[in-house]
Amino acid sequence: MATVDVSQFLSQPAESLMIAADNVACVHVDHTLEHALLVLTHSGYSAIPVLDGRGTVRGLIHTNLVINTVARLDGYAMDTLSERTVGAVMNDRVPTLKRSEPLLRALELAINHPFICVVEEDERLAGLITRKALLGKLYQFVRERGGR
């Protein structure tokens, strides 16, 4: 294998670590919170992307957001899950990067986020990159260069 220096490693396109959008659990802005909770529960993830009808990334929905929406002082109003939409409660601050952005940018975003949405030029979801994949790639790079 050819020797790759640190700057070459960090400048390679982050999309090489991307999970394609077809394999990403997500919901649409107009889905109910009941549907979102089912997707979150069945996928095993605590947060997933929220898309609009075009497949554009609009936000993130977290299990905690859903639960906090139905929490009351006297218990949970679970019956309201079918009355509210994902778009009404989602977090609209989404870490994104374009396919061609460097691995360094993905690492920067992964400091504060467990995954980063990779988007096309028109902001449609192309896939996502997990912090785990990034750390695995970095670990492999260091180990191949004699890191202990």
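A residue is called buried here when its relative accessible area is under 20%. In this predicted model, T69 has a relative accessibility of 15% and therefore counts as buried. T69 sits in helix α3, which covers residues 63–70. Its side chain reaches back to the backbone oxygen of L65, at 2.6 Å. Leaving aside residues up to four places away in sequence, T69 touches L33, R84 and V89.

The chain has six helices and nine strands, and its C-alpha atoms fill a box of roughly 60 × 35 × 20 Å along the principal axes. Of its 148 residues, 35% count as buried. Among contacts in the chain with a separation of 6 or more, 57% are between residues 24 or more positions apart.

Helix α5 is formed by residues 103–110 and helix α6 by residues 131–144; their axes come within 10 Å and cross at roughly 125°. The two helices are therefore oblique to each other, and α5 passes α6 in a left-handed crossing. On the α5 side, L103, A106, L107 and A110 take part in the contact, and they meet R131, L134 and K137 of α6. The residues of this contact comprise five nonpolar, no polar and two charged.

Methods
Residues numbered from 1 in each chain as written. Predicted model: local features only at pLDDT ≥ 70, side-chain atom pairs only at ≥ 80, totals over all residues. Heavy atoms only, no water. Axes fitted to C-alpha atoms, helices over the stretch in contact; angles between N-to-C directions. Helix = DSSP H or I, 4+ residues; strand = E, 2+ residues; numbered from the N terminus. Parallel < 35°, antiparallel > 145°, perpendicular 65-115°, else oblique. Left-handed = near helix turned anticlockwise from the far one by under 90°. Contact = heavy atoms within 4.5 Å. Nonpolar A, V, L, I, M, F, W, Y, C, P; charged D, E, K, R; others polar. Buried < 20%, exposed > 50% of the residue type's maximum accessible area, 1.4 Å probe, protein only. Polar contact = N/O pair within 3.5 Å; in protein donor to acceptor, adjacent residues only side chain to side chain.
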